[in-house]
Amino acid sequence: MLARREYSSGDLTAALLRKGYTPEAVSAALGLLQSERMLDDSRYAESLIRTLTRRGQGAQRIRQALTRAGIQGEGAEAALAIGPDFVALAEDVRRRKFGAAIPRDWPGKARQMRFLQYRGFSSEQISSALKGSGGEEEPGDPQD
């Protein structure tokens with residue numbers, strides 16, 4: 001199974017148990033694989049973070065994926081700490097989906113906020129992305 005792709009120890013344990021291996025055999029196999037560094041949860045977490053950030057996912061969605069893979073607590077937080085700048089990622093994802101212009105009306109902003117929230121970005125990251133700190137200039141308000 002490891003020849004095809006990287007697995008977390010939680011994913012591999014569940015897969016082997018589904019295939020009918022005894023818990024003792026699974027535990028022994030995982031111990032051997034981990035001692036030979038063929039199975040490494042931190043390497044898996046880094047790979048998963050790279051994949052999901054390329055897809056435009058935020059920290060909260062990545063944390064959920066890590067939890068589903070059996071990587072929780074300090075392991076997940078350590079992997080996220082070395083991850084990308086999620087504020088810049090939120091700005092990039094917003095720009096790719098909606099264009100460079102920041103909406104001025106509430107319905108437009110709300111739509112973009114919902115999209116970024118669904119992608120797993122925090123409210124601070126969303127707020128920053130909607131302020132236009134990505135370098136584009138917002139036109140001034142017309143003075144009547």
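Predicted model: local features only at pLDDT ≥ 70, side-chain atom pairs only at ≥ 80, totals over all residues.
Trainee: Okay, how many helices and strands does the protein chain have?

Mentor: Helices (H or I, at least four residues) and strands (E, at least two) are DSSP runs, numbered from the N terminus. Reading from that end, the elements go α-α-α-α-α-α-α-α. The count is eight helices and zero strands.

Trainee: What is the radius of gyration of the protein chain?

Mentor: We take the radius of gyration over C-alpha atoms, and the globule rule is 2.2 Å times the number of residues to the power 0.38. For 144 residues, a compact globule would come out near 15 Å. The C-alpha atoms here fill a box of roughly 75 × 25 × 25 Å along the principal axes. The radius of gyration of the protein chain is 20 Å.

Trainee: What share of the residues is buried?

Mentor: Buried means under 20% relative accessible area, exposed means over 50%, and partly exposed is in between (1.4 Å probe, protein chains only). The protein chain has 144 residues, and the buried share of them is 37%.

Trainee: Which residues have the most contacts inside the largest nonpolar core?

Mentor: A nonpolar core is a set of buried Ala, Val, Leu, Ile, Met, Phe, Trp, Tyr and Cys residues joined through side-chain atoms within 4.5 Å. The largest one has 24 residues, and those with the most contacts inside it are Ile62, Leu66, Phe86, Leu116 and Phe121.

Trainee: Which helix gives the most to this core?

Mentor: At least two core residues come from each of α3 (41–54), α4 (59–68), α5 (74–81), α6 (86–98), α7 (106–119) and α8 (123–130). With five residues, the one that gives the most is α3.

Trainee: Which residues does Leu116 touch?

Mentor: Contact means heavy atoms within 4.5 Å. Leaving out residues up to four places away in sequence, Leu116 touches Ala90, Val93, Arg94, Phe121, Ile126 and Ala129.

Trainee: How many residues are in the second core?

Mentor: This core is separate, and it includes Leu12, Leu16, Leu30 and Leu39. Its size is seven residues.

Trainee: Is Gln112 buried or exposed?

Mentor: Gln112 sits in helix α7. Not counting residues up to four places away in sequence, it touches Arg94, Phe98, Pro103 and Leu130. Its relative accessible area is 6%, so Gln112 is buried.

Trainee: And is Glu91 buried or exposed?

Mentor: Glu91 belongs to helix α6. Glu91 and Lys131 are 40 residues apart in sequence and 9.2 Å apart in space, C-alpha to C-alpha. With a relative accessible area of 10%, Glu91 is buried.

Trainee: Now Arg37: what is its phi near?

Mentor: You'll find Arg37 in the loop between α2 (23–35) and α3. Arg37 is exposed, because its relative accessible area is 52%. Its phi is positive, in a residue other than glycine, and near 60°.

Trainee: How far apart are the C-alpha atoms of Arg54 and Ala129?

Mentor: Arg54 lies in helix α3, and it is exposed, with 60% relative accessible area. Arg54 and Ala129 are 75 residues apart along the chain, and their C-alpha atoms are separated by 17 Å.

Trainee: Is Glu77 exposed, partly exposed or buried?

Mentor: Glu77 is part of helix α5. Its C-alpha atom is separated by 14 Å from that of Tyr44, 33 residues apart along the chain. Relative accessibility is 40%, so Glu77 counts as partly exposed.

Trainee: Last one: how far apart are the C-alpha atoms of Ala15 and Met1?

Mentor: Ala15 is in helix α1 (residues 9–18), and at 6% relative accessibility it counts as buried. Ala15 and Met1 are 14 residues apart along the chain, and their C-alpha atoms are separated by 9.4 Å.

Definitions and conventions: Residues numbered from 1 in each chain as written. Heavy atoms only, no water.
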